[in-house]
Amino acid sequence: MITSTTTDYKNFFKHSAHPANAEQYFRELLDKRERRYEDLCRNIINDMNQYGLSVVDDFLGMEKGLKILNEVRSMYNAGAFHDGQLVHNMRTDTQSSAVRGDKIRGDKIKWVGGNEPGCSNVWYLTNQIDSVVYRVNTMKNNGILGNYHIRERTRAMVACYPGSGTHYVMHVDNPNKDGRVITAIYYLNINWDARESGGILRIRPTPGTTVADIEPKFDRLIFFWSDIRNPHEVQPAHRTRYAITVWYFDAKEREEALNRAKLENSKTNNVSSIAQQAEPDSTTTPAPAKVSAVAATSSSSSSASSSSISPASASASTALSTSKALTPASMNTGSGALNANVANSSCNEICT
């Protein structure tokens, strides 16, 4: 048995931790983090106002990002994902036939609420994004974001493009005013090099004459407007590409969309009309026939050197896509005071 012969504890401990010192240390640490958080949110506000999109690098850090990636890989390897499917097409029969001859979307997806087994880190991610969105929506002098009242979102759509040139054609998330105002995407792809692997997210913000090319790099979070201001596409991916997407609702537009759907449902007595009218697929809607964009991606926490701007004219089209309808998720604002529990709503969740 080994015993200690040290009896002079005051001299033994090299650094005393008086309560006053510890309190001051943690207060300064919290103040520093708050200032960084404030700067992050302010940068996002400025980017959204100026460009309609914002890029944030190193959002959670390597350790937490790897935990999320491992959860996503486990779900994918367990066969929990299914093909992203088309629900309906708003083109003529001739156009629809032409589109069916070409693959519109090649991703596989899974919807995650966060309370499922093995999804705790995905839940953590969505909570962190919730906190940022709530903050930028409620800060003073937040420009366009101040026009919206955001208290709900969809569940997280975890997507995998399994390489082999899988892609997603140009589309608009919300062309029909279904309530979605902000699209948030978190990427999980380590050492991604678009020159070899492709998989770029190309956004053509309108109006303008440029495009934003964003590489799906690990621990990168992006925001952009969900409506016709941001037609976008996923270019062919030549290696496995993971992403997690959530969509945030504006309360007024969402309510109006659900009311339209309920009215249409009462007229047609068709239960499925709610999902198709108020909540069309989030990532597949016809983009305007001619689209151009002003955009520059701006990293809000570190340089987004892989996000490039290039001239473009746009012509884009697509269809509405989705899988089965799901239940909307509650939005965690961090404080809990404004969490929107819509689990009992009679309306279905947007699917993509």
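A polar contact is a pair of N or O atoms within 3.5 Å, where, within protein, one atom must be able to donate a hydrogen and the other to accept it. The legends below describe close-up views of a predicted model.

**View A. The side chains of Asp213 and Arg202 in polar contact.** The two side chains are joined by a polar contact of 2.7 Å. Asp213 lies in strand 10, which runs over residues 210–214. Because its relative accessible area is 6%, below the 20% under which a residue is called buried, Asp213 counts as buried.

**View B. Strand 12 and its pairing with strand 7 and strand 9.** Strand 12, made up of residues 232–237, is mostly covered, with five of its six residues buried. Strand 7 (residues 166–171) pairs with strand 12 in the antiparallel sense over three bridges, and strand 9 (residues 201–203) likewise pairs with strand 12 in the antiparallel sense, over three bridges. Val234 of strand 12 stands opposite Tyr168, and Val234 is also the bridge partner of Leu201. In a regular strand, the side chains alternate between the two faces of the sheet.

**View C. Helix 5, residues 120–138.** At 1.5 Å a residue, the 19 residues of helix 5 should span 27 Å, and this expectation agrees with the model, in which the end C-alpha atoms of the helix are 27 Å apart. An α-helix has 3.6 residues a turn, so residues three or four places apart point the same way.

Technical notes. Residues are numbered from 1 along each chain as its sequence is written. This is a predicted model: local features need pLDDT of at least 70, side-chain atom pairs count only at pLDDT 80 or more; totals for chains, interfaces and linings use all residues. Side-chain values use heavy atoms; hydrogens and water are left out. Buried means under 20% relative accessible area, exposed over 50%, partly exposed in between (1.4 Å probe, protein chains only). Helices (H or I, at least four residues) and strands (E, at least two) are DSSP runs, numbered from the N terminus. Two strands pair if DSSP finds at least two bridges between them. The expected span of a helix is 1.5 Å times one less than its number of residues.
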